[in-house]
Amino acid sequence: RVLILIYDRLKELGMQPDEIYQQAVNEERERIGRTIGLMAKISKVLVEAGIEFVFIKNYQHYPDMGEDIDLFVQEQTNAADSVLVGNFKVKPCKRTLLNRVAGKTQYTLEGWPFEVEIHHGRLGSMGEHTVFPKFLLQNRRVVEIRGVKLWVPSQEDQFIIQVLQRVYGRFYLRISELVYAVNAILMGSFDWDYIIQTTKSIGIFDGLRFYLNCVKLIYQNVMKKSLPLNKSRLSLPEMPVKIKFSDFYYRLPLQTVARSLYMKKLFLDIKASRWMEVRRTCLLPFFAALI
């Protein structure tokens, strides 16, 4: 969802979008303003309750913003849920078996057309990523949006979340995520030493390289020029990837690649004795068969 980003870029290029587009942008700015207001209220009650947290997705595409509020807390208890229930008119969403395994709870708030999703101490479809989430709170930063201060991940951790979700989860790439990755690469704002060291330590360095190759190839196909990435530093292997854009997403043959990437991560987790991650990763084929 990059409606406002595209609108602002068109204005910079001297193009005047029509009234329909202008109206859509105005409505989107109003929606985002209300969302930020709600995030401020959620922040306030969590801070007062002494709960450390981070909004893991909402800020990365600002001035655009997704429809849901994703909240990460380190505790695997229901403390954050109790605070939310005690301070807002909420209705718990039906908790699926998959959400229970992943450690996620979801709520709808009265008067708001979206959900608040709470991740408790782990990330991933099975909650299989238990080491990396600890970095989210250690490296979190405060950003100010429209006068509201919010806890969000560091730029580097935000990018690692993209790798976890797209390569080890949903198997498609959004335009908004490509915009985030390309902008950060072009501005040279990433601490690549941290990204490389962290992805190696949690067993997803090969997934990082695959994701960067996908971003690089899409950028090259669209912009007709190369994306400036230090291949030697990242050890990016050349790999043929068929890129297809359909239904608002870039569809890549991730399912085939993901099998080998998951196996590599599984072996690295076994080597590092990360048995919680090993057990949860082994559940993936079972749930994939059910779905």
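A charge sits over a ring if NZ of Lys or CZ of Arg is within 6 Å of the ring centre and within 35 degrees of the ring normal. The exercises below concern a predicted model, in which local features need pLDDT of at least 70, side-chain atom pairs count only at pLDDT 80 or more, and totals for chains, interfaces and linings use all residues. Residues are numbered from 1 along each chain as its sequence is written, and side-chain values use heavy atoms, with hydrogens and water left out.

**Exercise 1. Charges over rings**

Identify the ring over which the charged end of K200 sits, and likewise the ring for R140.

Solution. 
1. For K200, the ring is that of F205, and the charged end is 4.9 Å from its centre.
2. For R140, the ring belongs to W151, with a distance of 3.7 Å to the ring centre.

**Exercise 2. Aromatic pairs**

Classify the geometry of the pair Y7 and Y21 and of the pair F159 and F190, and locate each partner.

Solution. 
1. Rings of Phe, Tyr and Trp (its six-membered ring) pair if their centres lie within 6.5 Å; planes under 30 degrees apart count as stacked, over 60 as edge-to-face and the rest as tilted.
2. The whole structure holds 9 aromatic pairs. One of them, Y7 with Y21, is edge-to-face, at 5.6 Å centre to centre and 70° between the planes.
3. Y7 belongs to helix α1 (residues 3-12) and Y21 to helix α2 (residues 19-48), so this pair ties together parts 14 residues apart in sequence. Helices here are DSSP runs (H or I, at least four residues), numbered from the N terminus.
4. Y7 is buried, at 6% relative accessible area, and Y21 is buried at 18%; buried means under 20% relative accessible area (1.4 Å probe, protein chains only).
5. F159 and F190 form a tilted pair, 5.0 Å centre to centre with 45° between the planes.
6. F159 lies in helix α6 (residues 155-170) and F190 in the loop between α7 (175-187) and α8 (192-201), 31 residues apart.
7. F159 is buried at 0% relative accessibility, as is F190 at 7%.

**Exercise 3. The cavity**

Determine which residues line the largest cavity.

Solution. 
1. On a 1 Å grid over the protein atoms alone, a cavity is a set of points where a 1.4 Å probe fits but cannot get out; lining residues have an atom within 4 Å of a point.
2. The search finds 1 cavity of 30 Å³ or more, and the largest cavity holds about 40 Å³ of space.
3. Its lining consists of H129, V131, F132, L164, I202, I204, K265 and E277.

How values were computed
1 Å grid on protein atoms, 1.4 Å probe; cavity = no way out; pocket = protein on both sides within 12 Å on 5 of 7 lines; lining within 4 Å. Points joined across faces, edges and corners; volume = space filled by probe spheres on them. Helix = DSSP H or I, 4+ residues; strand = E, 2+ residues; numbered from the N terminus. Buried < 20%, exposed > 50% of the residue type's maximum accessible area, 1.4 Å probe, protein only.
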